[in-house]
Amino acid sequence: MTITEDVIYVGVNDHDIDLFEGQYIVPNGMAYNSYLIKDEKTAVFDTVDARFGGEWLKNIDAALAGGRPDYLIVQHMEPDHSANIKLFLESYPEASVIANDKTFTMIKNFYGLDLEARKISVRDGETFSLGKHELTFIFAPMVHWPEVMVTYDSRDKILFSADGFGKFGANDIEDPEGWDCEARRYYFGIVGKYGAQVQALLKKAAALEIRTICPLHGPVLAEDLGHYLGKYDIWSSYAVEDEGVFIAYTSVYGHTKAAAELLAEKLEAKGCPRVAIADLARDDWAECVEDAFRHSKLVLATTTYNAEIFPFMRQFIDHLTERGFRGRTVGLIENGSWAPAAAKQMREKFTKSKDISWLETAVTIKSAMTPENVAQLDAMADELCR
Ligand code: FEO
């Protein structure tokens, strides 16, 4: 795939992976993108996952029609992008690696490679000429590891954005939901904790004229860039994307589920703009995390279990708080047949979360819903719709 006259896609699609980064389901697979700039000197951006080294080298050879690359630019060291550095160096013994000092330390730590004469170390803001293409390296620490840098090609106005603007899904499957859904799940799952660092990168990017974004996962973005930049601005500033309520529940014998579903019905009947509901034991947890960050309001409904919060809920709240969940309205529904304790403990788990507004109405069910509980859910729905 040609991106511009000189820039060629040489990445691969992965349809065999079961869990990305060891924890995310990816029903549509995954893409490990890699790019090549042909100029007086030829540079390759990042390698691919370990299982695709042979396919990747074939793509490079096909793109160069017998030519050989001069440089490998390593923007990010997570092994989904760095696993084939050694293969590259063995295949092209005359080539050098362009990266920063943190990256070279990681190359040694991960792969035991001391590159010595074959390394070109760059600083933040440094430029490097391939001939017609002048590249500027922009450090983007913690988007999503500390060594990350992105690269701007001022000739073709391309931002090579590392993990930024990536999404789940292979590039040879058209995502029926478009870019936003799997890009949002990817963002909050993987980069969500580092909103401040993403904001810093967006500020640097705002000073550049960008025509194309080339991320390390997902499609190349060449049109309507304002849409993608706008989404990243919302997500990284922890702003509300959609007014509405996300109800996340766990349920052992169906009584807590019944309360969660009744609340959803009441919200819909009262005209709430968006209502989403999920079973934390059965639905994808990363989808639930993105829904919690997406909406303005969150209701958590769970049982007391071993005198604590039911495990799936406990883990879900950890997923939210460790990613910097903040600035939302939260309501609690607890169920406890003899000693309900989940609501208090759930609230305590948010003590470090900024700007949480708690609903006045709390609901305690003692086994199955009573008429009083139904009235409480009605009051909760009113409060959420206010
Ligand atoms: Fe796609 Fe952080 O690796």
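# Briefing: burial, helix packing and salt bridges

Of the 386 residues of the chain, 55% count as buried, in what is a predicted model. The chain holds twelve helices and 22 strands, and its C-alpha trace spans about 75 × 40 × 35 Å along the principal axes. Among contacts between residues at least 6 apart in sequence, 70% join residues at least 24 apart.

**Packing of H5 and H9**

- Helix H5 (residues 180-191) packs with helix H9 (residues 285-294) at an angle of about 95°, the two axes being 9 Å apart, which makes H5 roughly perpendicular to H9.
- On the H5 side the contact involves Cys-181, Glu-182, Arg-184, Arg-185 and Phe-188, and on the H9 side Ala-286, Glu-287, Val-289, Glu-290, Phe-293 and Arg-294; these residues divide into five nonpolar, no polar and six charged.
- Cys-181, in helix H5, counts as buried because its relative accessibility is 12%, below the 20% cut-off for burial.
- Apart from neighbours within four places in sequence, Cys-181 is in contact with Glu-287 and Glu-290, whereas its C-alpha atom and that of Phe-312, 131 residues away along the chain, are separated by 23 Å.

**Salt bridges**

- A search of the whole structure finds 24 salt bridges.
- One of them joins Asp-284 and Arg-185, at 3.0 Å from N to O, and this pair links distant parts of the chain, with Asp-284 in the loop between strand E17 (275-279) and H9 and Arg-185 in helix H5, 99 residues apart.
- Asp-284 counts as buried at 18% relative accessibility, and Arg-185 likewise counts as buried, at 1%.
- Glu-182, Arg-185, Asp-284 and Glu-287 are linked in a network of salt bridges.
- Arg-68 forms a salt bridge with Glu-94, their closest N and O atoms lying 2.5 Å apart; Arg-68 is in the loop between helix H1 (53-64) and strand E8 (71-73), while Glu-94 is in the loop between helix H3 (85-91) and strand E9 (96-99).
- Arg-68 counts as partly exposed at 43% relative accessibility, as does Glu-94 at 46%.
- Arg-314 and Glu-308 meet in a salt bridge of 3.2 Å, N to O, with Arg-314 partly exposed at 29% relative accessibility and Glu-308 partly exposed at 37%.

**A buried charge without a partner**

- Glu-147, in the loop between strand E12 (134-139) and strand E13 (149-153), is buried yet has no salt bridge, and the nearest side chain of opposite charge, Lys-102, is 8.1 Å away.
- Not counting residues up to four places away in sequence, Glu-147 touches Gln-75, His-76, Met-77, Glu-78, Asn-100, Lys-102, Thr-103 and Met-106.

Notes: Residues numbered from 1 in each chain as written. Predicted model: local features only at pLDDT ≥ 70, side-chain atom pairs only at ≥ 80, totals over all residues. Heavy atoms only, no water. Axes fitted to C-alpha atoms, helices over the stretch in contact; angles between N-to-C directions. Helix = DSSP H or I, 4+ residues; strand = E, 2+ residues; numbered from the N terminus. Parallel < 35°, antiparallel > 145°, perpendicular 65-115°, else oblique. Contact = heavy atoms within 4.5 Å. Nonpolar A, V, L, I, M, F, W, Y, C, P; charged D, E, K, R; others polar. Buried < 20%, exposed > 50% of the residue type's maximum accessible area, 1.4 Å probe, protein only. Lys, Arg positive; Asp, Glu negative; His and termini not counted. Salt bridge = Lys/Arg side-chain N within 4 Å of Asp/Glu carboxyl O.
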